[in-house]
Amino acid sequence: MNKTPKDIVRYQKHYSEKRLDRKLVRWSRKAGKKVVYLALLLYYSLTDKHTPIAYKTIIIGALGYFILPLDMLPDFIVGLGFTDDFAALLAAYQAIKASITPEVEENAKKRADEEAKAKTEEDNLNKAKADAKAKAEEEAAAAAAEAPAEEAPVEEAPAAETAEA
């Protein structure tokens, strides 16, 4: 898929800063560091006062496309879902790269690293919670196995009636 800046501009209506943040928080791990970095590079270029308006329209379109969950390749398709997003972001980057300042690059890199670190911390917390739950379940099962079995009340069989002849 080869997106051109002209194609990308039509997705502008889907862009908002809040929706971009939400997308990054929910999908950054699945999207991958390169996709996240490109999205952030474009975002910081968008907020840079030195970026020409024509470039900003391309950026907004590319970020709008990135935000859409159901685009050419839906994001939930493992291994493929973000390839079209990457292509759109890369096309926009190629179109505007002459205006990207070192400050924009540094801001994007810093935020991408923060996103990755937050995801790692979240993974570690989730793993610790899962480990604690598994340990508690194991301890409960072990305690149940060690506890003396409660004896069920034995019902006495009715006495056999003897027939006296």
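## Helix H3, mostly under cover

In this predicted model, the buried residues of H3 are Val35, Val36, Leu38, Ala39, Leu40, Leu41, Leu42, Tyr43, Tyr44, Ser45 and Leu46. That makes 11 of the 15 residues in the helix, so H3 counts as mostly covered. H3 runs over residues 33–47, and its end-to-end C-alpha distance of 21 Å is close to the 21 Å expected at 1.5 Å a residue.

## How H3 meets H4

Now for the partner helix. H4 spans residues 53–67, and its axis comes within 9 Å of the H3 axis, with the two crossing at roughly 145 degrees. The handedness of this crossing is left-handed. On the H3 side, the contact is made by Val35, Ala39, Leu42, Tyr43, Ser45 and Leu46, while H4 brings Lys56, Ile59, Ile60, Ala62, Leu63 and Phe66. Sorted by type, the contact residues of H3 and H4 come out as 10 nonpolar, 1 polar and 1 charged.

## Two buried serines

Ser45 sits in helix H3. Its relative accessible area is 0%, which means Ser45 is buried, given the cut-off of under 20%. Setting aside neighbours within four places in sequence, Ser45 is in contact with Thr51, Lys56, Ile59, Ile96, Ile100 and Val104.

Ser99, in turn, is found in the loop between helix H5 (83–96) and helix H6 (102–146). At a relative accessible area of 13%, Ser99 also falls under the 20% cut-off and is therefore buried. Not counting residues up to four places away in sequence, Ser99 touches Thr51, Pro52 and Tyr55.

## Helix H5

H5 has 14 residues, and the distance from its first C-alpha to its last is 20 Å, close to the 20 Å expected at 1.5 Å a residue. The buried residues in H5 include two aspartates, Asp84 and Asp85. Ala87, Ala88, Leu89, Ala91, Ala92 and Ile96 of H5 are buried too.

## The nonpolar core

The largest nonpolar core holds 26 residues, and the ones with the most contacts inside it are Tyr15, Leu20, Leu40, Leu42, Leu63, Phe66 and Leu89. Helix H2 (17–31), H3, H4, H5 and H6 each give two or more residues to this core. Which helix provides the largest share of this core? H3 does, with 10 residues.

Leu40, one of the residues with the most contacts inside the core, touches Leu24, Ala108, Arg111 and Ala112, leaving out residues up to four places away in sequence.

Terms used:
Residues are numbered from 1 along each chain as its sequence is written. This is a predicted model: local features need pLDDT of at least 70, side-chain atom pairs count only at pLDDT 80 or more; totals for chains, interfaces and linings use all residues. Side-chain values use heavy atoms; hydrogens and water are left out. Helices (H or I, at least four residues) and strands (E, at least two) are DSSP runs, numbered from the N terminus. The expected span of a helix is 1.5 Å times one less than its number of residues. Buried means under 20% relative accessible area, exposed over 50%, partly exposed in between (1.4 Å probe, protein chains only). Axes are lines fitted to C-alpha atoms, for helices over the stretch in contact, and angles run from 0 to 180 degrees between N-to-C directions. A crossing is left-handed if the near helix is turned anticlockwise from the far one by less than a right angle, and right-handed if clockwise. Contact means heavy atoms within 4.5 Å. Ala, Val, Leu, Ile, Met, Phe, Trp, Tyr, Cys and Pro count as nonpolar, Asp, Glu, Lys and Arg as charged, and the others, Gly among them, as polar. A nonpolar core is a set of buried Ala, Val, Leu, Ile, Met, Phe, Trp, Tyr and Cys residues joined through side-chain atoms within 4.5 Å.
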